[in-house]
Amino acid sequence: MKLITSLDELHRAHLLPSAAALGTFDGVHRGHQEVIGTTRTYARQHHLQLMVFTFSTHPLASLKPELEPPRLLDNAAKEKLMVDLEVDILVNIPFTRELAAMSADDFLQMLVDLGVKAVGIGDNFSFGAGGKGNVRLLKTEHTRFGLTILSRPLLKQDGLVVSSTNIRKAIAEGRVELAAQMLGRPYAIRGQVVPGDHRGRLLGFPTANLKLLGQHFAVPAFGVYAGRVLVDGQWHDAMVNVGDNPTFANQETRLEAHLFRFQGDLYGKEVRVQLVARLRGEEKFPDLDRLQEQLRKDARNAQSILAMEKNKK
């Protein structure tokens with residue numbers, strides 16, 4: 001996959017004719033995947049490259065930083081998903097004021113100059129200054145640019161539109177199963193293992209304490225989750241706690257993972273944590289015995305859920 005990460009690099013690029021899927025693609029959720037998949041099918045049928053034109057930063061990060069929503073995906077994970085989706089050219093550039101000021105016509109002309117022959121787009125995506133470029137404009141103006149338009153309606157899941165906004169809401173409420181259904185995969189957070197308080201080891205459940213990598217990512221509702229942790233390319237079943245450990249009166253939000261049947265040193269490693277199911281909310285326990293008893297129950301529940309998930313595959 002050819003990766004282009006700046007507007008300057010894009011202007012200098014010599015690209016083969018392509019069909020381009022357009023979108024912020026900030027979650028690469030099932031709706032996004034459908035837009036890309038439809039564009040891929042057209043590209044293969046017409047002997048074109050599959051391009052995805054997207055942004056490495058959310059548009060609001062540049063235009064109104066105070067309104068930027070929590071991120072669902074870091075760029076490294078986004079790029080891997082694009083490889084899995086068989087993308088030939090990934091244009092993943094920062095959304096800048098220069099791009100924001102570009103008219104819809106100028107944006108489409110830029111695509112044409114890059115060799116784009118067809119455009120895939122979701123019904124709710126807009127582009128160009130003031131968001132004036134959209135599906136309606138493309139359907140009326142596409143012949144002027146010699147473009148084929150591949151539009152896709154919005155998907156729904158359990159009566160909800162599959163959107164990054166609804167996925168963020170589900171994660172914030174701890175409904176990670178619903179988030180996974182809309183994403184097409186479990187929600188995951190990337191972090192680096194750093195020294196903690198070592199309380200988990202004393203309780204019989206040693207944990208990897210994560211410092212989240214990157215800023216402003218969606219943090220799930222406090223509680224205990226069944227999950228998986230990717231270490232050195234291998235997934236390990238785990239139970240994960242998100243919260244501030246009220247039993248010990250900690251003041252900062254933490255993400256800690258206990259990996260079942262794992263032996264080894266994790267300090268300093270970069271890992272990815274998937275949240276599969278929420279077991280319970282965060283609780284304050286009157287003593288350590290009660291906490292240990294609950295942790296044993298949590299471990300059994302988590303292992304049971306993860307075993308059932310594996311049997312479904």
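Mentor: Quick definition to start: domain bounds here come from an automatic or database domain assignment. The model is predicted, so local features need pLDDT of at least 70 and side-chain atom pairs count only at pLDDT 80 or more, while totals for chains, interfaces and linings use all residues. Residues are numbered from 1 along each chain as its sequence is written, and side-chain values use heavy atoms, with hydrogens and water left out.

Trainee: Which domains does the assignment give for the protein chain?

Mentor: The chain gets two stretches, with centres that 35 Å separate, taken over C-alpha atoms. They are domain 1 (2–154) and domain 2 (178–311).

Trainee: How many residues does the contact take from domain 1 and from domain 2?

Mentor: Contact means heavy atoms within 4.5 Å. By that cut-off, the contact takes 14 residues from domain 1 and twelve residues from domain 2.

Trainee: And what area do domain 1 and domain 2 bury between them?

Mentor: Buried area is the accessible area (1.4 Å probe) that two parts lose on being put together, summed over both. In domain 1, Arg 71, Leu 72 and Asp 74 lose the most area to domain 2, together 44% of what that side buries. For the pair of domains, 53% of the buried area is on carbon and sulfur atoms, and the value is about 1,100 Å².

Trainee: How far apart are the closest N and O atoms of Arg 190 and Asp 74?

Mentor: A salt bridge is a side-chain nitrogen of Lys or Arg within 4 Å of a carboxyl oxygen of Asp or Glu. Between domain 1 and domain 2 the count is two. Arg 190 and Asp 74 form a salt bridge, and their closest N and O atoms are 3.3 Å apart.

Trainee: What about the whole structure: which residue forms a salt bridge with Asp 26?

Mentor: The whole-structure search finds 18 salt bridges. In the one with Asp 26, the closest N and O atoms are 2.7 Å apart, and the partner is Arg 168.
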